[in-house]
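The following note sets out numbered remarks for a colleague who is reading the model alongside its sequence. Each point takes up one part of the structure.

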Amino acid sequence: MTRPIRVLVAKPGLDGHDRGAKVVAAALRDAGMEVIYTGLHQTPEMIASAAVQEDADVVGLSILSGAHMTLFPRVLQLLREQGRDDVLITGGGIIPKEDMAALEQQGIGKLFGPGTPTTALIDYIKEWFAARQAQGA
Amino acid sequence: MTTPTELDPTLAAMRDELDRLRAEVDAWRTRFASGAVRDLAYANSAAEVAPFYTALDLEGSAGTAFEVPGQYPYTRGIHPTGYRGKLWTMRQFAGFGSAKETNARYKFLLKEGTTGLSVAFDFPTLMGYDSDHPRSEGEVGKCGVAISSLADMEQLFEGIPLGEVSTSMTINGPAIILWCFYLAAAEKQGVPLTALRGTVQNDILKEYMAQHAWCFPIEPALRLIVDMFEFGAQEVPQWNTVSISGYHIREAGATAAQELAFTLADGFTYVERGIARGLDVDDFAPRLSFFWDIHNDFFEEIAKLRAARRIWARHMKERYGATSARSLVMRFHSQTAGVTLTAQQPMNNVVRVAYQALAAVLGGTQSLHTNSMDETLALPTEQAVEVALRTQQVLAYETGVPNVIDPLGGSYYVEKLTDELEAEAERLFEEIAAQGGVVAGLETGWFQKKIAESAARQQWEIEQHRRWIVGVNAFATEERALEIPLLKIDEQAAKDQAAALARLRQTRDAARCTAALDRLREAARGTENVVPCILECARSYCTLYEIRAALEEVFGAYREPVFF
């Protein structure tokens with residue numbers, strides 16, 4: 001039997017737009033995942049430490065402030081420093097395509113823009129998780 | 001003089017006509033029910049929409065049959081002259097990077113015919129952090145302009161005479177501080193405070209509810225707002241000390257009826273706090289203004305604005321005993337709904353914005369911001385902003401729409417919808433009262449949950465194709481390369497800001513700063529009005545975060561109820 005996927009939905013930075021994060025958190029929960037939501041205004045340190053404490057498989061970052069190029073790599077780096085480079089970091093918000101590509105290069109997972117159906121990220125997370133389980137990670 | 005006997009034949013004829021109409025409507029209903037009809041993709045938040053409206057739908061309500069514009073209860077507009085007297089203010093919200101860059105954008109907008117300025121601050125400023133605070137990293141100048149002290153505010157309005165423009169500032173948590181920076185900047189330009197015109201958003205209740213840029217717990221935050229009411233009424237009489245905002249509540253997911261009711265309930269709360277302070281309602285209520293989100297459902301939005309004016313006037317008069325007409329009229333700014341813009345096929349946004357702008361004007365807005373087509377992708381480019389401004393100018397000068405006041409007044413549908421939204425708002429006021437009022441409802445997360453539920457429902461409707469979004473879940477095309485250029489904000493603003501702040505801290509009168517901050521802490525602990533103390537901090541070049549931190553020492557910090 002497969003265990004449920006544990007997802008930490010987090011709002012890094014100072015922007016207060018949590019509509020997307022909450023809609024996504026509810027959709028992932030309805031898709032059978034275990035979801036923890038951090039609340040607003042989180043630093044990368046707060047997010048990484050919550051991910052470790054909660055033993056998350058996935059960290060979903062939502063940001064609409066434009067600070068993604070600073071904050072996303074920081075979360076990735078902190079998780080790596082704590083030996084948790086097996087965690088998938090995905091997310092979404094107002095993020096230009098070229099920034100998405102650059103972040104992916106650095107090791108961040110797929111990022112989703114406005115208008116994405118929640119099924120797209122549910123499928124993405126499930127496929128990633130199945131592949132990781134298959135590798136025996 | 002007409003006698004009752006002479007009227008009788010007319011009344012009898014009218015009764016006959018109504019009976020005939022009733023029969024005709026019944027017959028039409030049968031024909032309609034037997035015809036093939038499409039499924040409605042779009043769901044109104046008010047009662048269900050009928051396919052056709054007649055005078056019968058208004059039975060028991062006079063609609064606005066006996067109202068003229070500029071008269072209580074102001075459903076048809078707050079001015080007797082409507083847009084014949086004065087067009088709405090075309091006010092484009094703008095700000096990015098440093099004060100210097102934004103100053104150049106303001107000068108561009110003024111040259112192109114914008115008639116009021118509107119400052120967008122970056123997130124650190126919105127939260128009360130200086131540009132060089134660790135929490136500001138990566139955020140400086142990204143979503144607005146970075147303002148950390150009076151020096152930045154002076155730069156922002158360099159060459160723009162503050163006695164001649166009206167300025168709106170979208171700032172809430174630390175509004176009192178930014179307002180004092182503005183007042184101090186005006187003093188330095190030699191402009192008397194009595195000549196200043198503008199608005200600070202300063203609507204903290206909707207921050208806890210929806211937008212989430214807060215600094216302090218609810219009670220002290222409300223005290224700061226009432227301090228501003230009091231100081232403003234005496235010293236800055238042309239300034240709107242709060243812009244009670246539905247915009248963010250709607251953007252966060254609320255329906256039109258929720259936006260209407262929650263926002264008005266916030267407004268009533270401010271009025272109650274002002275009265276509780278001992279202020280005369282007619283002294284501060286004339287400076288309360290409103291801010292609405294103009295969404296896609298065209299007629300519902302128009303009806304919302306008409307209902308809002310009527311509800312406000314009635315409650316101000318009947319509940320709060322306001323007598324001055326200036327307290328009863330709801331003046332408001334509108335902005336087209338950012339949340340309706342799509343990243344897919346972004347050119348379509350120009351069309352959405354134009355329809356929404358038309359609704360705002362048909363609803364009688366006093367000022368309007370039209371969004372730019374590229375705003376789901378980045379901050380707007382100058383070219384995109386220009387199209388948005390031109391959209392308003394075409395509406396104002398080519399369509400003839402502003403020539404007639406409340407031109408939809410008397411439309412059976414719009415009158416009915418106005419009545420329904422008013423009734424739904426009254427029902428929601430009762431629910432809010434049952435929660436213990438606005439503050440109690442925020443503390444328990446009741447409002448936040450209602451809004452999140454509406455947002456989740458809308459997402460579900462979109463994914464189930466019950467709500468159509470052209471270019472997203474209908475008429476989608478293969479993704480093409482982006483056909484519009486995007487504005488890039490580099491890290492230069494952050495570096496420049498950090499250097500400028502370091503310089504400022506070395507060159508200012510440190511003793512004066514310390515004394516001003518000490519005095520502020522003392523005032524905050526007691527009950528005196530803190531505006532004069534913060535103004536002295538501003539004049540002394542204390543920074544935004546220094547002032548915020550001094551207040552936080554006394555007030556503590558806000559903790560949100562976390563849920564999803």
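1. Pairing of β1 and β2 in chain B. B:A94 stands opposite B:V119, a residue of β2(B). The two strands, β1(B) and β2 (residues 116–120) of chain B, run parallel and are joined by four bridges. As this is a predicted model, the pairing should be read as a feature of the prediction.

2. Pairing of β1 and β9 in chain B. Strand β1 (residues 89–94) of chain B is also joined to strand β9 (residues 367–369) of chain B, through two bridges and again in parallel. Here B:M90 has B:L368 as its bridge partner. In general, strands of a sheet pair through backbone hydrogen bonds, in either a parallel or an antiparallel manner.

3. Overall form of chain B. The chain contains 22 helices and nine strands. Its C-alpha trace extends over about 85 × 60 × 45 Å along the principal axes. A compact globule of 564 residues would have a radius of gyration near 24 Å, and the 25 Å found for chain B agrees with this. Buried residues account for 49% of the 564 residues. Of the contacts in chain B with a separation of 6 or more, 78% are between residues 24 or more positions apart.

4. An α-helix has 3.6 residues a turn, so residues three or four places apart point the same way.

5. Helix α8 of chain B. The 18 residues of this helix (residues 218–235) should span 26 Å at 1.5 Å a residue, and the distance of 26 Å between its end C-alpha atoms agrees. Among the buried residues of α8(B) are B:L224, B:I225, B:V226, B:D227, B:M228 and B:F229. The buried set also includes B:A221, B:F231, B:G232 and B:A233.

6. The sheet of chain A. Five strands form an open sheet with parallel pairing, in the order β2-β1-β3-β4-β5 (chain A). The edges are taken by β2 (34–37) and β5 (111–112) of chain A; each has a single partner strand, so one side of each has no neighbour in the sheet. Within the sheet, strand β3 (residues 58–63) of chain A and strand β4 (residues 88–93) of chain A run parallel and are joined by six bridges. A:L61 stands opposite A:G91 in β4(A). Helix α3 (residues 68–81) of chain A lies across β3 and β4 of chain A, and runs at about 165 degrees to β3(A).

7. Which elements of chain B supply at least two residues each to the side that touches chain A? In total, 32 residues of chain B are in contact with 28 residues of chain A. The elements in question are α4 (123–127) and α18 (446–463) of chain B. Of the elements on this side of chain B, α18(B) gives the most, with five residues.

8. Backbone geometry to inspect in chain B. B:Y72 and B:P73 are joined by a cis peptide bond, with omega at about 0 degrees. B:P73 is found in the loop between α1 (4–34) and α2 (82–85) of chain B. B:N202, a residue other than glycine, has a positive phi near 50 degrees, and its place is in the loop between β4 (197–200) and α7 (204–211) of chain B. B:N202 has 29 C-beta neighbours inside 10 Å and therefore counts as buried. B:D406 likewise has a positive phi, of about 45 degrees, although it is not a glycine. B:D406 is placed in the loop between α15 (382–397) and α16 (412–434) of chain B. With 21 C-beta neighbours inside 10 Å, where 20 or more are required, B:D406 also counts as buried.

Technical notes. Residues numbered from 1 in each chain as written. Chains lettered and ligands numbered in written order. Predicted model: local features only at pLDDT ≥ 70, side-chain atom pairs only at ≥ 80, totals over all residues. Rg over C-alpha atoms; globule rule 2.2 N^0.38 Å. Buried ≥ 20, exposed ≤ 12 C-beta atoms within 10 Å, placed from the backbone. Contact = placed C-beta atoms within 7 Å. Pairing = 2+ DSSP bridges. Axes fitted to C-alpha atoms, helices over the stretch in contact; angles between N-to-C directions. Expected span 1.5 Å × (residues − 1).
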